[in-house]
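Visitor: I am new here and would like to learn how to read a structure like this one. Could you walk me through some features?
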Amino acid sequence: MPGQPPAGEPAPADGSLPDSALLGVGSRPFGVYVHVPFCATRCGYCDFNTYTADELGSASSFGSWLEALRAELELGAKTLSARGPAPAAETVFVGGGTPSLLGAERLGSVLDAIRDTFGLADGAEVTTESNPESTSPSFFEGIRSAGFDRVSLGMQSAAEHVLKVLERNHTPGRAVEAAREARAAGFEHVNLDLIYGTPGERDEDLRRSLEAVLEAGVDHVSAYSLIVEDGTAMARKVRRGELPMPDEDVLADRYEMLERMLGQAGLGWYEVSNWASGPAAECRHNLGYWQGGDWWGAGPGAHSHVGGVRWWNVRHPSRYNALLAEGSSPAQARELLTAEDQRIERIMLELRVKAGLSAEVLDEDGRRAAQQAVADGLLRSEELAEGRCVLTDRGRLLADAVVQDLIT
Ligand SMILES: C[S@@+](CC[C@H](N)C(=O)[O-])C[C@H]1O[C@@H](n2cnc3c(N)ncnc32)[C@H](O)[C@@H]1O
Ligand code: SF4
């Protein structure tokens, strides 16, 4: 949930949704996202909605956030049951911020609050993000017995000088060690996040990071090219000339290295920035975002989507707590997506997934652009003949440009 949300229209204070959105709730995949807005320190590149203890002062504590979160989940279950039973969560994703700062017991309370409100579907996927430095064997054992079955760890790099530029506060080996501890505690599904293209990163650094990831034996890897987000400490350093911008050609080379090394180790791409050891290791929660599912995003600044209505919460934890304490919805604003908005969104998201996009979503110009993309080696010809747009390896490097071509 990086950056500032769009303006939107005011969201109703009682959190209600139009009937058009409620229609079909339960027939689409449904997930719950929980935003934990706390971090020990702020990494220089990050513009997620997160606060250090110094920034919050006494305005918000873990306890007051948890109380407000529970109230929002109650409101959510009530809202979605207005026209029929509220759907049980098929996936849960606790993200941040730094969920592991809460400790295992509070994370267990978050999951209990979801069980008590929406309920958890049988076989639900339950993930928490965690930062390597705030985890331990007992933390993993605690969250495993609380019901989490997937852990996503922010590794970013195994090179000390890269972690320094990113202003990460864990040692190079800690993420891999944490992944091993998670596996030893019974987690079959463990993800490591990497960032590539950081100023000063060499081919050799990414190669070593990938070797470390593969040694950890995880079944999922997310790798993001570094984005220099406006308003971050890193953007200021780039503006002052203290750091160079990541180089597009270097990013493409690094992506090819990721694909080669992960592929050789049996991890295949299923979304442009995500690789998994097989279908059972793919993140179902994120697939729900990419493939038009419904989700309730709870917590400060969290975004939600139900049946073509998108809304987002107030960002500051103290404002979030105050609204819920007075019985109001924490939603700040919302957008009712038109059929055309939804069509464009499908192109933007589904094209990035390996299953691809149905060519029926394209208009006439888009279909012509898809034929051209096949000729340019960016979309797979066999799949297009069967009515699906699927990126080639080269197309993945230019995914944003292909999306633009298919839209315009
Ligand atoms: C927002 S973090 C939350 C998880 C956790 N706090 C952490 O840092 O590991 C989720 C992931 O987003 C990615 N990320 C955040 N900001 C980014 C940026 N500016 N460019 C690329 N990736 C970014 C990082 O890989 C990070 O692990
Ligand atoms: S720990 Fe994660 S969420 Fe917190 S500032 Fe760093 S990247 Fe952002």
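Guide: Let us begin with handedness: a crossing is left-handed if the near helix is turned anticlockwise from the far one by less than a right angle, and right-handed if clockwise. Helices (H or I, at least four residues) and strands (E, at least two) are DSSP runs, numbered from the N terminus. With that, the crossing of α7 and α8 can be called right-handed. Please keep in mind that this is a predicted model, where local features need pLDDT of at least 70, side-chain atom pairs count only at pLDDT 80 or more, and totals for chains, interfaces and linings use all residues. Residues are numbered from 1 along each chain as its sequence is written, while chains are lettered from A and ligands numbered from 1 in the order in which they are written.

Visitor: At what angle do α7 and α8 pack?
Guide: Two packed helices are described by the angle between their axes and the distance between the axes. Axes are lines fitted to C-alpha atoms, for helices over the stretch in contact, and angles run from 0 to 180 degrees between N-to-C directions. Here α7 (residues 174–184) and α8 (residues 203–216) meet at about 15 degrees, and their axes are 9 Å apart. Angles under 35 degrees count as roughly parallel, over 145 as roughly antiparallel, 65 to 115 as roughly perpendicular and the rest as oblique. Therefore α7 and α8 are roughly parallel to each other. On the α7 side the contact is made by V176, A179 and R180, and on the α8 side by A212, E215 and A216; two residues are in contact if their C-beta atoms, placed from the backbone, lie within 7 Å.

Visitor: How does the contact of α7 with α8 divide by class?
Guide: Ala, Val, Leu, Ile, Met, Phe, Trp, Tyr, Cys and Pro count as nonpolar, Asp, Glu, Lys and Arg as charged, and the others, Gly among them, as polar. By that scheme, the contact of α7 with α8 has four nonpolar, no polar and two charged residues.

Visitor: Which way do α3 and α12 cross, left-handed or right-handed?
Guide: Their crossing is left-handed. Helix α3 (residues 62–80) packs on helix α12 (residues 317–325) at about 50 degrees, with axes 9 Å apart, so α3 and α12 are oblique to each other. From α3 come S64, W65, A68, A71 and E72, and from α12 come P317, Y320, N321, L324 and A325. This contact has seven nonpolar, two polar and one charged residues.

Visitor: Which residues surround ligand 2?
Guide: A residue is near a molecule or strand if its C-beta atom, placed from the backbone, lies within 6 Å of it. Around ligand 2 you will find C39, R42, C43, C46, F48, T50, G96, G97, T98, N131 and G154. By class, the shell around ligand 2 has four nonpolar, six polar and one charged.

Visitor: And which residues come nearest to ligand 1?
Guide: Y45, G154, D193, Y224 and I227 come nearest, out of 16 residues around ligand 1. Strands β5 (150–156) and β6 (189–196) each give at least two residues to that shell. The shell around ligand 1 has seven nonpolar, six polar and three charged residues.

Visitor: What is there to see in the backbone itself?
Guide: Most residues other than glycine have a negative phi, and most peptide bonds are trans. In this model, the peptide bond from G96 to G97 is cis, with omega near 20 degrees. G97 sits in the loop between β3 (89–96) and α4. Q156, a residue other than glycine, has a positive phi, near 75 degrees, and Q156 belongs to strand β5.

Visitor: Into which domains is the protein divided?
Guide: Domain bounds come from an automatic or database domain assignment. Domain 1 covers 9–290 and domain 2 covers 339–408. Their C-alpha centres lie 27 Å apart. Eight residues of domain 1 are in contact with nine residues of domain 2. On the side of domain 1 that touches domain 2, α10 (248–264) and β8 (268–271) each supply at least two residues.
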